[in-house]
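The sequence and the structure are shown first.

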Amino acid sequence: MSIVFSNKDRKLVMDVRTQHTLIPSKHCSLLHARGSYFESEPILQMKPSFFIHLTNISRYLLLLGLFGIVSKSYAQPIDLETMEIHSAPISDLQSSQTNLLQGNSLRLKQSDTLGKLLEAELGVSNASFGQGVGVPVIRGLTGSRIRMLQNGLGSHDASSLSPDHAVAIEPIFAESIRISLGSENIRYGGNAIGGVVEVEDYRIPEQRMDQLLSGWLESRYDTNGEGTHSAFRLNLEKDWLGLTLGGFYRHRNDAQIPGQAIDADFIAQQFDLTDFDNAEGNIPNTDSKSSGGFVGASWLGEQAMAGMSVSYTDNQYGIPKGSHGLDPNHLDGLELILPQLEDISGFEDIFGPQALFPNIRIAMQNTRYDFKSEWYDPIEGIHNIRFQYAYVDYQHQELEGGSVFTHVKNDTGEGRFEIDHHFGHDFMGKIGVQWTDQDFSALGVETFVPETEKQSWGIFTTQNYHWHDWIITGGIRFEQTEIDPDATTLSLRGSALSPVSLPDKLSYDALSGTFSVRWNFTPEANVNLSFNYGQRSPDIQELLSFGPHLSTRTFDVGNVGLTNEVMKRIDLGLDWESDGFKLKLNSFYNQMDDYIYQQNTGVFYEVDNEVIRQRCVSEAECVPIYAYDQRDAEFFGYEAELSLPLYEFSYADLSLTLFSDYVRARFKADDVPRIPPLRYGAELGLGQQQWNASVRYARSESQHRSGAFEMDTSGYHLLSASADYHLDIAEKGELWLFVKANNLLNEEIRNSVSFLRNYAPEPGQSFVFGFRASY
Amino acid sequence: MMILIRNIRINRLSKLLCFLGWLFFSSTLTAASISHLDVEVWGEEDALFVGYCQTPGVVGCDLDGLFAELGLPEDGLPIEAATGKLIFLADFQDLSGGEFKTKNPGFLSIRNALLPNELLSYRALGHLRYWDASQSTWIQAPQDVQIALYGGLAAGAGVTTDYSACSGQLLCFNADNFSTESNTIFSGDGISGNEELVIDVTSESGILHTHLSFFLENRNGEPGGPTGAYLIEMQLLSNARSTPSQPFLILINGGLDNQQLSQALAALADNADANNPVSAVPENPIIALSIKGDVDLDGDVDRIDIALILLAAQNQDSVQNLNVMFDVDGDGLISRQDSHLAKELCSLRLCQIPSASQAELVQKVAVFDTALKQLTLNDVQVDKQHYQAVFQQSGNNLFTLQSADPADVPYTFPAYYKASNGLLEIPVLSVNNEYYQVTLRNIGDFKFQLESVKKIDHLLN
């Protein structure tokens, strides 16, 4: 294998037996050979050795592993030319707070939604809302507290607004996904106080490749719901021009489950109902269909690059039936007339089951325009100047029985300008500004958030200092946000209540800071202690919601008196990796002052009569009124993972991974709802360079601390397995075959973080078959 | 097509006498849970009236069906003989989800029977009465039982919509007195809690159809109560009329079979004073119906209308005065073709995709009559006070205040007057069915100068 790596033409030449996409320079800052530590996740079957000094060639090879280049090692001569090596920023490399998923481990976990893809990661769970929605939950936090990034800029969908809205990022294109809780999150503002999930798919070409044409084609089939998921990507590079093109199509039918969809005990307890329609073996209206694609083009100069991309996603999915229409005896009197009709032929469209108990579906369209430019090493001390801008035209319609009842629109522009600098060899960092301009509305029959304009800007810096075996990181950010509702009053249609006057404009200043110390007490191990202070300004829906929200079956009341939510978190982490084992331990304590949450007022809104009352005869026809409020909360817990090689067979290595994570979240008097339970388990792996097999068992305990007005969830056993095989094709091609089995025990899983857990359990047993051909 | 319907102007005296006569002779009744009778409401000038809903085929309006169910004579009317008060029937067991709660009877008004955006409330009267089946007598309800009635909540009834008084929340509930202000308790001792609560606000067409929540429970609020029948009394109020309705009774079955229930009803009606009660029965309004296919007279064509026509066609009902609206195509027959035609006319959600205008209906808080040159503001908010104001156009872009009276009409889009700058902002002014956003400036001497006018395309928010 021969390798030439030159900073000048940013060109890589290598003997490629397997195809990998480079992690481009966006993630790279200057890493000087002198004594800096860095790390990477194992790519394919590399034996892990994650903490090294750059003193010889073998470490360069590992460094290349960091870039996702090396997947198989072959003892061949290497020629090196001019060498200036870029890696991820030091602060990013604090692995106890960062989890980088890429390569085969990412591809094996691929799923329809980001939450489902990441649910097995430490500290992460999946807030599902049927199979069409899966939003990552990190240490019990989600929504407006977790920033979803696509190539460094926000996804700007409506997923933070409500749990029934999907994240508008198609995960199958992801080349890497980074889950971060570290100091770098300060770059992303108050909405990242709970963490960052950054998906990199490099749809804007950023690196010159030595191949004129490269790409991949992937397809998979899921037996549960007969799901298909196919995608392709083409990369074209010629001289200074880089082009990318990608497309995907995915479809699945209703999710198959063991037992009944709706938890009958819950319904009996909650609504006094025993006679209702309950599906057996599947969850009706959880089918989904999505398609889309992107095209990107870049000019790749020697000292700079500039590129843009356009992407479009159409996503249509169903929402599992909730309490609405649960009781067949409430059809405004129609239920008494219809049984008398002997012949409804010709009127099935209005008297058929679907018309009487209509499904709620969401039809989402997302068009995104990205621009990115970078200037490499413009002057001494400046490593990189980077400008990014994305404009997202997001909209979705919520339909009931085919009729639109809400139209959610979110047009957002986000810009980011950053300078990566260094002073000498030991001091480096970033300075940047970021701004967003958002127009949001949720209008229609169900209008629960008025048309609102939100503008924010932030200025930030993060600095890293390297002193002997210590790395000290600090950062600060100031952010200003203005929220300006177009409406002067909000009213309930048909209600006897007086209209609610709104303030003209709401302004918030937020200050965040971070400080961490990392001690590399051996070349193989480090301890990291960090303090994070973050302020999050209230979001639009938290301030201005006012009306029934049929998808969540709640009546949301905003609160214009909300102040900044303040996070004070301390993290202590240990990473230890040697030839004999790999250990990762994190513990955290997170005090959230003025935590914004939805308080159940104990009062109901009767949807059909449009009346607020304290009690309803038919609670299934009423929705509880939730008002946004603030109170202090605390979150604490841990994540732990230990990987051990068990035995080296002649044909493969056997390894064992033990893992566990836990988060406890509570207010003073009761518990924060929708928090994942204690989870622990083990994974046994057997494999070598060409193939792998693993079986994983995870036990999730019951969640008895479910919060006020919430029901406990039972524990469950989750057994899964996977196997994959790499096959070289011709000189530059590779075929990767894989099979996965999920929920092998076919357990009924009521996911405690899911809003709809009592109506829609997680999918039952499934087998996924697929291939990926790359060239 | 304009059809004139006389809803029920039948000889009520003869019906009542027939009914009373039957009560003495009925003997064979069966079954439990009964249908209910909705309370139909209408207004005439300054007075409010209630009566039995008898719109053909509509649930809650089928008086004859209820009588048949109870085995009563067809022409009877349930009226308390001693007082002439109408009796509306309901049943605690008529809905799934529990034996001790019901949302019947409902309250409804047909198109144009009330004013647009008229706020209806109820006022609880008397005390809870109980039919003791073992003694066959109406008595004051036992000490350990009560009926809790949960009406709608308006500002003032423990609900606040001023965020400055709600710690920023756009809506809040006063926990201190919420439990006592949000419901009405009927017990043998009388009325407690909030005697008056909101029923609902009528639509732009004066239509209303809403239900309240009735719970049978013990004094601790736990569901349940002795088997029997329960009788409560109330009258209706309107914010647009000074004369409330006549008091009426609601009889709610609490587990009696039909025979026992008939006896309970008979006990109320059998002391007939032939000189008094009949005159107390109000005449339902004469309705001008202008919507083809709207057979239940609720102001729109919806699936219930279509189902009712289908049922009438299936039953081969002939066209009569009372059901002439079922003959949608006017061919003299009620057929499935009429249902198909009504389906095409159906314009509501889940029947057909709604047009934007239907999703954007608003209450007309402000109307400018171009003929009279009169500007009527039904709700002007000055600080926290609400007024009803009338202006007369007295020149080009000049309006003179004619009257301003205190009002508590809660409108969706009230006008705002700020004394600090003298501006009167009218967010939605209706002029010949078009909408405008208007600002007037107080120039003194009760005169207001037109400051700005902007046409509004849509009325959301």
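## A cis proline in chain B

B:Pro105 lies in the loop that connects β5 (101-102) and β6 (106-109) of chain B; helices (H or I, at least four residues) and strands (E, at least two) are DSSP runs numbered from the N terminus. The peptide bond between B:Asn104 and B:Pro105 is cis, with omega about 5°.

This is a predicted model, in which local features need pLDDT of at least 70, side-chain atom pairs count only at pLDDT 80 or more, and totals for chains, interfaces and linings use all residues. Residues are numbered from 1 along each chain as its sequence is written, while chains are lettered from A and ligands numbered from 1 in the order in which they are written.

## Helices of chain B

Helix α4 (residues 258-269) of chain B has twelve residues, which at 1.5 Å a residue should span 16 Å; the end C-alpha atoms are 16 Å apart, in agreement. The expected span is 1.5 Å times one less than the number of residues. Its buried residues are B:Asn258, B:Leu261, B:Ser262, B:Ala264, B:Leu265, B:Leu268 and B:Ala269. A residue is buried if 20 or more other C-beta atoms lie within 10 Å of its own, exposed if 12 or fewer, and partly exposed in between, with C-beta atoms placed from the backbone. Viewed down the axis of α4(B), the buried residues fall within an arc of 160° and so line one face of the helix; the arc is that of the directions from the helix axis to the C-beta atoms. An α-helix has 3.6 residues a turn, so residues three or four places apart point the same way.

In helix α2 (residues 63-70) of chain B, the buried residues are B:Leu63, B:Phe67 and B:Leu70. Because they cover an arc of only 65° around the axis, they are on the same side of α2(B). These buried residues pack against β3 (47-52) and α4 of chain B.

## Overall make-up of chain A

Chain A contains eight helices and 40 strands. Of its 775 residues, 54% count as buried. Among the contacts in chain A with a separation of 6 or more, 67% are between residues 24 or more positions apart; two residues are in contact if their C-beta atoms, placed from the backbone, lie within 7 Å.

## An open sheet and its edge

Five strands of chain A form an open sheet with the order β5-β10-β11-β8-β9 and mixed pairing. β5 (98-102) and β9 (153-154) of chain A each have a single partner strand and stand at the edges, so one side of each is left without a neighbour in the sheet. Two strands pair if DSSP finds at least two bridges between them.

Strand β8 (residues 146-150) of chain A runs antiparallel to β9(A), and two bridges join them. A:Leu149 stands opposite A:Gly154 in β9(A). The loop between β8 and β9 of chain A holds A:Asn151, a residue other than glycine with a positive phi, near 55°. A:Asn151 counts as buried because it has 22 C-beta neighbours inside 10 Å.

With 23 other C-beta atoms within 10 Å, A:Arg674 is buried.

## Confidence in chain A

The average pLDDT (the predictor's confidence in each residue, from 0 to 100) of chain A is 84, and 85% of the residues score at least 70. Within chain A, confidence is lowest in strand β3 (residues 29-30), at a mean of 35, and highest in strand β36 (residues 679-687), at 97.
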